[in-house]
Amino acid sequence: RKKFPGITFFEIMTATALLYFSQKKADFFVMEVGLGGLLDAVNVVTPIATVLTMVEREHVDILGGTLLKIIRAKLGITRPDIPLILGKQKNRIHELILKELRDRKVPVFDVGRDFSLKVTKMTQKGTHFQCEGTFEEPPLAMKLGFSDAPKKFFLGLHGEAAGWNALTAVATANVIASTHGTHGAKRSASSLFSKRSASSLI
């Protein structure tokens, strides 16, 4: 940092991670935004898919004081013709996101809109869920091979948010598998819902 004043720790770690992935010739890797999206260090990457989980009013001093400003900052990770897997959102936020995406030519895989999720049982070991729904866009769903989700599943985590994140992860794995001709992502998607591996995968 002494040689490059002004660079942040997160930017250094992002560059280090990208160098490591390049040296290891990784087939796929996941980059998590540190803050916002539009001006975040990971946004230098050209993604094969982008994911947006639940948006909240947070970091208003940096991202902006309104929901719309926060949403625009977070949607800065999207690209034309690159799929966005949209996780469960509150109704007003969901409306604002879709409105912002209207002219961006971003294909949206809307997990929160097309599925319902209910916690049926919670124990010390984790949470049991019941899921219902089918994606409203059959051609897209058929292309991705994920028209339906498992009706019942268990995660070694607690809370409804974990279930929504799991469904979003499965949708993402199927996007990658269908658009890049690999079976690895589909294996990850199917194993996500097994009791044995769910805790370690999330």
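Which buried residue has no salt bridge, and how far away is the nearest side chain of opposite charge? The residue is D40, and the nearest such side chain, K74, is 9.1 Å away. Lys and Arg count here as positive and Asp and Glu as negative, while His and the chain ends are not counted. Buried means under 20% relative accessible area, exposed means over 50%, and partly exposed lies in between (1.4 Å probe, protein chains only). A salt bridge is a side-chain nitrogen of Lys or Arg within 4 Å of a carboxyl oxygen of Asp or Glu.

This is a predicted model, in which local features need pLDDT of at least 70 and side-chain atom pairs count only at pLDDT 80 or more, while totals for chains, interfaces and linings use all residues. Residues are numbered from 1 along each chain as its sequence is written, and side-chain values use heavy atoms, with hydrogens and water left out.

Back to D40. D40 sits in the loop between α1 and β1 (50-52). Its side chain reaches the backbone nitrogen of V42 at 3.1 Å. That is a polar contact: a pair of N or O atoms within 3.5 Å, where within protein one must be able to donate a hydrogen and the other to accept it, and residues adjacent in sequence count only if both atoms are side-chain atoms. Leaving aside residues up to four places away in sequence, D40 touches F10, V33, G34 and L35. Contact means heavy atoms within 4.5 Å.

Now the whole protein. It has nine helices and six strands. These are DSSP runs, numbered from the N terminus: helices are H or I with at least four residues, strands are E with at least two. Buried residues make up 40% of the 202 residues. Among contacts between residues at least 6 apart in sequence, 59% join residues at least 24 apart. The accessible surface comes to about 12,300 Å², and 56% of it belongs to carbon and sulfur atoms. Accessible areas come from the Shrake-Rupley method with a 1.4 Å probe; for residues, only the protein chains shown count as cover.

Next, the charged pairs. The whole structure holds four salt bridges. In one of them, the side chains of E100 and R72 meet at 3.2 Å, N to O. This pair links distant parts of the chain: E100 is in helix α4 (residues 91-101), R72 is in helix α3 (residues 67-74), and they are 28 residues apart. E100 is buried, because its relative accessibility is 17%. R72 has 42%, so it counts as partly exposed. E100 also meets R104 in a salt bridge, at 3.6 Å, N to O. R104 is partly exposed, with a relative accessible area of 26%.

D110 and R113 form another salt bridge, at 4.0 Å, N to O. D110 is buried because its relative accessibility is 1%. R113 has a relative accessible area of 32%, so it is partly exposed.

The rings come next. The structure holds three aromatic pairs. Rings of Phe, Tyr and Trp (its six-membered ring) pair if their centres lie within 6.5 Å; planes under 30 degrees apart count as stacked, over 60 as edge-to-face and the rest as tilted. Y20 and F21 form an edge-to-face pair, 6.2 Å centre to centre with 65° between the planes. The ring centres of F129 and F153 are 5.1 Å apart and their planes are at 25°, so this pair is stacked. F129 lies in strand β5 (residues 126-133) and F153 in strand β6 (residues 152-155), so the pair ties together parts 24 residues apart in sequence. F129 and F153 are both buried. Elsewhere, ring pairs link Y20, F21 and F29 into a cluster. Y20 is partly exposed at 46% relative accessible area, and F21 is partly exposed at 22%.

K25 is not a glycine, yet its phi is positive, near 50°. K25 is found in the loop between α1 and β1. K25 is exposed because its relative accessible area is 68%. K105, also not a glycine, has a positive phi of about 55°. K105 is in the loop between α4 and β3 (108-110). Its relative accessibility is 66%, so K105 counts as exposed.
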